[in-house]
Amino acid sequence: MTLLKRITSSTLFWPLAMLVALLVIDVIAFPGFFTIQIREGALYGSVIDILRNGSPTLMIAIGMTLVIATQGIDLSVGSVCAIAGAVAAAIILGSPNPDSVGTTIVAIVTAIAVSCVLGVWNGALVAVIGIQPIVATLILMTAGRGIAMLITKGQIITVSSESFGFLGSGVIFGVPFAVVAAAVTVAFAGLLTRRTALGLFIESTGINPRASRMAGIRARGLLILVYVFSALCACVAGLILTSSQTAADANNTGLFIELDAILAVVIGGTSLMGGRYSLWGTVVGALVIQTLVTTVYTVGIPPIVTMVFKAAVVAAVCLLQSPKTAEYLNAWRRRRALSTEVASS
């Protein structure tokens with residue numbers, strides 16, 4: 001009973017249970033769901049599709065986790081995706097040699113630089129001016145689409161560059177580049193926050209910003225750094241999405257992806273009140289979100305109701321993770337243990 005209590009009390013238990021349940025449904029609906037094939041040196045299969053399609057959301061969710069850990073929120077990540085894609089596409093389209101690797105590198109570096117500036121903007125509004133994070137990032141969320149529209153001049157820019165297309169369709173040792181990029185993002189965030197004191201500073205700032213400042217932590221600089229990292233993750237995700245679509249669409253690139261990222265963070269057990277966070281929980285949460293979308297398609301449910309299922313999953317996981325539910329489960333265990341003792345005596 002003690003072991004069962006430890007397992008069910010883990011923040012990863014219910015998200016993992018939900019992920020397993022979705023995978024079981026997929027296997028029942030499609031027996032060959034876990035089949036993976038190798039075609040022309042690349043891995044193919046439903047599981048690979050989940051990993052590849054969920055990678056942009058996962059990268060953004062990792063950045064969002066650190067932002068939420070500081071009692072913040074970043075609603076602008078979808079717009080940053082659109083801006084990054086628009087900047088890269090405009091540079092490639094205006095280049096005399098759009099297929100060259102050099103042009104692609106210039107486009108990527110420029111998009112990253114612009115995204116970092118946007119991250120500094122969000123961080124400055126929150127840390128320096130003192131605007132509430134939801135309002136500060138809502139400004140860029142609203143204006144960002146307009147900025148992307150200005151860059152693309154209101155048009156959908158088609159990107160036919162072979163080197164840029166590698167971001168969306170390329171493979172590294174058979175694994176899609178998007179999956180590799182997501183894995184690197186998770187590893188980098190984990191090493192940076194769990195192998196150094198930065199993670200402790202983030203949690204301290206999220207729990208009590210004032211006490212953190214009094215303890216000598218440079219909370220303002222830390223907040224700006226966190227928002228820059230969130231924008232950087234959104235930039236990479238936006239470049240991958242633009243490359244996958246072979247076009248920069250200011251209206252639709254990254255649309256509502258901030259909501260999926262927040263859902264992934266919440267499912268993973270990170271509190272919206274700030275403080276302690278779980279990167280691995282976010283990874284599981286992002287996989288739950290993408291697996292849910294795949295399950296909807298697999299069992300033949302109309303895709304238009306996907307958001308309803310997402311809301312149901314989030315509600316179920318949050319209820320199972322709530323302290324009240326834990327109290328009910330503990331009370332049930334105590335009653336069961338007591339009844340067992342009485343029966344044995």
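## The nonpolar surface patch

Helix α6, which spans residues 133-152, gives the most to the nonpolar patch, contributing three residues. This description rests on a predicted model. The patch is made by Trp121, Ile134, Val135 and Ile139, and it covers about 360 Å² of the surface.

Ile139 is one of the patch residues, and its place in the chain is within helix α6. Ile139 counts as partly exposed because its relative accessibility is 39%, and partly exposed refers to the range between under 20% (buried) and over 50% (exposed).

Side chains of opposite charge can pair when their charged atoms come close. The structure holds two salt bridges. One of them joins the side chains of Arg52 and Asp49, with a distance of 2.6 Å from N to O.

Both partners belong to helix α3 (residues 46-69); because they are three residues apart there, about one helical turn separates Arg52 from Asp49. Arg52 has a relative accessibility of 25% and therefore counts as partly exposed. Asp49, at 28% relative accessibility, also counts as partly exposed.

## Salt bridge between Arg194 and Glu203

Arg194 and Glu203 form a salt bridge in which the closest N and O atoms are 3.2 Å apart.

Terms used
Residues numbered from 1 in each chain as written. Predicted model: local features only at pLDDT ≥ 70, side-chain atom pairs only at ≥ 80, totals over all residues. Heavy atoms only, no water. Patch = residues over 30% accessible without salt bridge, like charges linked within 9 Å, V, L, I, M, F, W, Y side chains within 5 Å. Areas by Shrake-Rupley, 256 points an atom, 1.4 Å probe, with all protein chains shown as cover. Salt bridge = Lys/Arg side-chain N within 4 Å of Asp/Glu carboxyl O. Helix = DSSP H or I, 4+ residues; strand = E, 2+ residues; numbered from the N terminus. Buried < 20%, exposed > 50% of the residue type's maximum accessible area, 1.4 Å probe, protein only.
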